[in-house]
Amino acid sequence: MGIEVRHEAQGELVTHLATLEDRLRWLSSWMVHNANNIRPKRDGLKVGGHQASCASITTIMSVLYFHALRPQDKVAVKPHAGPVLHAMHYLLGEQSLDKMQRFRGLGGVQSYPSRTKDTIPVDFSTGSVGLGVAVTAFSSLVQDYLVAHGRLDEADTGRMIALMGDAELDEGNIYECLIEGYKHDLRNCWWIVDYNRQSLDATTADRMFRRFDDIFETCGWRVLTLKYGKLQRDVFARPGGEALREWIDNCPNAEFAVLTYQGGAAWRARLTTDIGGKPQVAKLLASFDDDGLAKLMTNLGGHCIETLMEAFATADDDRPTLFIAYTVKGYGTPLAGHKDNHSGSMNGPQIEKLRDDMGIAAGQEWDKWAGVGANAVAQLQAFLEQTPIARKLREPDAAQVPVPASFPVPTGDELSTQAAFGRVMLDLAKSGEPLADRLVTTAPDVTQTTNLGAFVNQRGLFRRQELHDVFQHAKIPSAQKWIQHAAGQHIELGIAENNFFLMLTSLGLAASHFGTRLLPVGTVYDPFIARGLDALNYGCYQDSRFLLVGTPSGITLAGEGGAHQSINPPLIAMGQPKLTYFEPAFADEVAIMMRWAFDYMQQQDGSSVYLRLSTRSIPQAKRADDAWQADALAGGYWLREPGPDAEAAIVFTGAVAPEALAAWESMIGDVPGLGLLNVTSPDVLHRGWSARHAARWKGASPTPCHAETLLGRLAPDAALVTVLDGSPAALSWLGGVKGNRVSPLGTDTFGQTGDIPDLYRTYRIDADAIVEAVAELILEN
């Protein structure tokens, strides 16, 4: 009796999931069709969308979201399955019809799931393929960090899950992530591959079969391959079934796709030709009509509810698991198997046939339960209310961490900004401030050379299992006293910048994901920011909050040569939304900027912050008072005030301060009133200027921006010489603020080895070059 009841309940569950799967397939298909074929187009361009990619994953998402998930689990949905996610929330009453009808339109459902732009709950933004997969592993590591630090109960830990297309397995950052995860003993992570074997341009190479298994198993993952559905497995057990299974196993991916598109008659002809002469096969094939045979041949594991339920139940522990779920791209639609189905969409007759097959009446396409019997609707509604997605925990509002009113300023006649950063971090590590306990540092194998070593000595390396320092035990002297233990606050990474930025992203989302605010600080060699730029952009797009320190920077890193000298990070930072860039010249600037950053990172309208630092020790500025600080945080201040209606000014940023000051001192007698402007943030100044102009068409009252206020101290026709150890374009735009003539100095070609005097002279950012540029502009006038 008990077994019969369980079977009946199981059957009812499967029926509900199958119905919901159909609804998701239809609604996601109709959403794309409506946007491309019904909604008026004013620009004549294809709106786009991926009906086939949605159809291949609807079964997986139905079983996962409506059955297998737990309320604390988090999911990164493959980008092209975004419409399925929105259809799911539409059924739950959390997505509006209006937004669905405006799919890929202004104010409507976004092309790919977005934490910041979609109104439904989105755990991870996706879109840049591969990153949405790898970020789940780093979020799992952040979860372990919080558990080890007593800020999250083990019982409340969830799985970090990525739904991915098989083409994403070509992304290199996935394999970089695998290696890092293995080093950190990754757990509580599922990656589910929609293995439809069709990408944008091609069909997946057959020789990749089993290679993914080998790679993941080597890195400690459990691999579960879901190749056959229950119907197929039942048929394989019948006479002639083994020959059919062997044929499926040996069928090339491209040919399987062709036959899927052609349908039951094509399947029958091909199978009869290839294996029809084998014992019992002809009789087995004859037991199915064409539609039944097509259904059998496409009954792959990723389209079988029972198979998926069993697989997810098998992985009920914390071991990282890869599910390879075989699917058909475009499953259940007229696009199934066609090589052009990635970007293709159903035409009018095709979508109408799908609608009719699902029993949906014309005009009822947007109805949540169109085609579902009236008696079943109430049952489905009741079932939905009890599903994991309906009970999913909403993101908490994490309290802000108090930031001290000021940070101690590192002392010394000569200091580099990198050294100042290290001292501020050490002072914080030694302090009893609440802020210190929320700091988490990370670096891609450059912890020592970016001046984080002292912080790590004080606070330790994070590791779930304590690991002794064998050098320390052997009493071998070393500057590193990096004890590895659960209370450590530094997460050391290998030299893969994509991993580094994804780690920062995950740490910066801890407040939203886990209810505990962390203040991540990551250091990286400034030129190698570009190596992880996609992941940096991905983190900013999700509005993750972190402090990025790029150091050392520029050709000032003289002896390392062109490969290690950065040129364009200032331009990268100025163009990157949700990242605020500062480039301090002096130690006291570093202190106030770090204090400001830790506060700004926590504000609702804040962002991540980037400090571009240098290893060059320079004489420190003598301050009469603190009046300069507000202007420094606003983007710039006069290090030497200009005279009334000054005819010229030298404008500098960062490590070239000594050259700018030397040029100013040599010319002040000949150019009365010459000003010396320290631009601490080309980014903040530029954004203020842009906002000033935007106010005109936003209907706001335009007020002078900080750049206008600063340059307003000069004569209207004053000349500007701008100089920094980076692209000259980062400052040359200042000439457009009030129409000043500009001579921009900087580095716009690859550097080389040498010492600072030689390189500064060669690349014309030394004092002589500044003097010559000022003189040239004045003489021109």
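Which residue of β20 is the bridge partner of V721? In the predicted model described here, that partner is S743.

The model is predicted, with local features requiring pLDDT of at least 70, side-chain atom pairs counting only at pLDDT 80 or more, and totals for chains, interfaces and linings using all residues. Residues are numbered from 1 along each chain as its sequence is written, and side-chain values use heavy atoms, with hydrogens and water left out.

**The sheet and its helices**

Helices (H or I, at least four residues) and strands (E, at least two) are DSSP runs, numbered from the N terminus, and two strands pair if DSSP finds at least two bridges between them. On that basis 5 strands make up an open sheet of mixed pairing, in the order β16-β18-β17-β19-β20. Because β16 (636–640) and β20 (741–745) stand at the edges with a single partner strand each, one side of each is left without a neighbour in the sheet. From one strand to the next the twist averages 25°, where axes are lines fitted to C-alpha atoms, for helices over the stretch in contact, and angles run from 0 to 180 degrees between N-to-C directions. Strand β19 (residues 714–724) runs parallel to β20 and is joined to β20 by 5 bridges.

Helix α33 (residues 767–780) packs on this sheet, touching β17, β19 and β20, and its direction makes about 160° with that of β20; contact here means heavy atoms within 4.5 Å. Helix α27 (residues 657–667) lies across β16, β17 (646–653) and β18 (675–679), and runs at about 160° to β17.

**Aromatic rings and charges**

Rings of Phe, Tyr and Trp (its six-membered ring) count as a pair if their centres lie within 6.5 Å, with planes under 30 degrees apart called stacked, over 60 edge-to-face and the rest tilted. A search of the whole structure finds 21 aromatic pairs. One of them is the edge-to-face pair of Y228 and F236, at 5.0 Å centre to centre and with 90° between the planes. Taking buried as under 20% relative accessible area, exposed as over 50% and partly exposed as in between (1.4 Å probe, protein chains only), Y228 is buried at 18%, and F236 is buried at 12%. Elsewhere, ring pairs link W190, F312 and F323 into a cluster.

A charge sits over a ring if NZ of Lys or CZ of Arg is within 6 Å of the ring centre and within 35 degrees of the ring normal, and the table gives examples.

| Charged residue | Ring | Distance to ring centre |
|---|---|---|
| K368 | Y90 | 5.4 Å |
| R640 | W664 | 5.6 Å |

**Backbone features in loops**

A cis peptide bond with omega of about -10° joins T551 and P552, and P552 is found in the loop between β12 (547–550) and α24 (569–575). R104, although not a glycine, has a positive phi of about 65°; R104 lies in the loop between α4 (97–101) and α5 (131–148) and is partly exposed, with a relative accessible area of 24%. N451, also not a glycine, has a positive phi near 70°, lies in the loop between β7 (439–444) and α19 (453–459) and is partly exposed at 29%.

**Cysteines**

With a disulfide defined as a pair of cysteine sulfur atoms within 2.5 Å, the count comes to 0 disulfides. The sulfur of C304 is too far for a bond, because the closest cysteine sulfur, in C251, is 20 Å away, and C304 is buried at 4% relative accessibility. The sulfur of C540 is likewise too far for a bond, because the closest cysteine sulfur, in C177, is 19 Å away, and C540 is buried at 2%.
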